[in-house]
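Keep the picture open while you read.

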Amino acid sequence: MVATIGIAGASPPSPANSTVPGCITLVGTAAGVPAPEGQFQVVVKDLASNPLVGAVVSIDLLSCPDLHLCADQLDPTAVVDCANKRVNKVTDGSGSVFFTVLGGSNGAGNALTLLNGGRIYENGTLLGSPTVSTFDLDGQGGVGANDLSAWLTDFGSGQNLGRSDYDCNNCLGANDLSLWLTVYGSGTMTSSCAASCP
């Protein structure tokens, strides 16, 4: 049996047949290299479960006022739309696309977005609404002590703030803190955005 391949625009995408993550993490860099902890995959398929080739997939943070994107994603295949807080990439021959989204947040006491605040679109069709977290909670100087303080403030708020839910279990707890400490110790996020989207 020969698999059929759909061309983006010829057939509408199917959210039910496509694969999107339930959570994504904005990350920083070390020596100009994006942190591997942020990589995720989106697979776009049509109503007949055929992969859509050349589909434009958008990671949309417009509903996340406490998060920002880096103006330069250090990825030549990514197009940043600062005005709409989006990063766009195009699916390959298997209907897949990999993202590592660079960005951060805005410090202690400023968290606003709860769970499922992000949006993933394919040419305007909503494929999913992931929770969006970030280890760089103050948006400057990479991952450090101020970010830990911001996480503790988020935890103490009693709210399920998406930016601090690293294990994707829909609440903040000891495992999230452990993951933050692991990332801090790894040294993979020593730098924040050189320039953030306005």
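How much accessible surface does the protein chain have, and what share of it belongs to carbon and sulfur atoms? The accessible surface comes to about 8,700 Å², and 56% of that belongs to carbon and sulfur atoms. (Accessible areas come from the Shrake-Rupley method with a 1.4 Å probe, and for residues only the protein chains shown count as cover.)

A quick word on what you're looking at: this is a predicted model, where local features need pLDDT of at least 70 and side-chain atom pairs count only at pLDDT 80 or more, while totals for chains, interfaces and linings use all residues. Residues are numbered from 1 along each chain as its sequence is written, and side-chain values use heavy atoms, leaving out hydrogens and water.

Now for the overall build. The protein chain has 2 helices and 15 strands (DSSP runs numbered from the N terminus: H or I of at least four residues for helices, E of at least two for strands). Its radius of gyration is 17 Å, close to the 16 Å from the globule rule for 198 residues, so the chain is as compact as a globular protein of that length. (That radius is taken over C-alpha atoms, and the rule is 2.2 Å times the number of residues to the power 0.38.) Along its principal axes, the C-alpha trace spans about 55 × 35 × 30 Å. Buried residues make up 47% of the 198; buried means under 20% relative accessible area, exposed over 50%, and partly exposed in between, with a 1.4 Å probe and protein chains only.

Next, look for the salt bridges, of which the structure holds 3. In each, a side-chain nitrogen of Lys or Arg sits within 4 Å of a carboxyl oxygen of Asp or Glu. One of them joins R86 and D60, at 2.6 Å from N to O. R86 is in strand β10 (residues 86-90) and D60 in strand β7 (residues 56-60), so this pair ties together parts 26 residues apart in sequence. R86 is partly exposed at 23% relative accessibility, whereas D60 is buried at 5%.

Strand β10 also holds K89, whose partner D75 lies in the loop between β8 (67-69) and β9 (79-81), so that pair ties together parts 14 residues apart in sequence. D75 is partly exposed at 22%, and K89 is buried at 10%.

Finally, find D154 and R163, whose closest N and O atoms are 2.6 Å apart in a salt bridge. Here D154 is buried at 2% relative accessible area, and R163 is buried too, at 1%.
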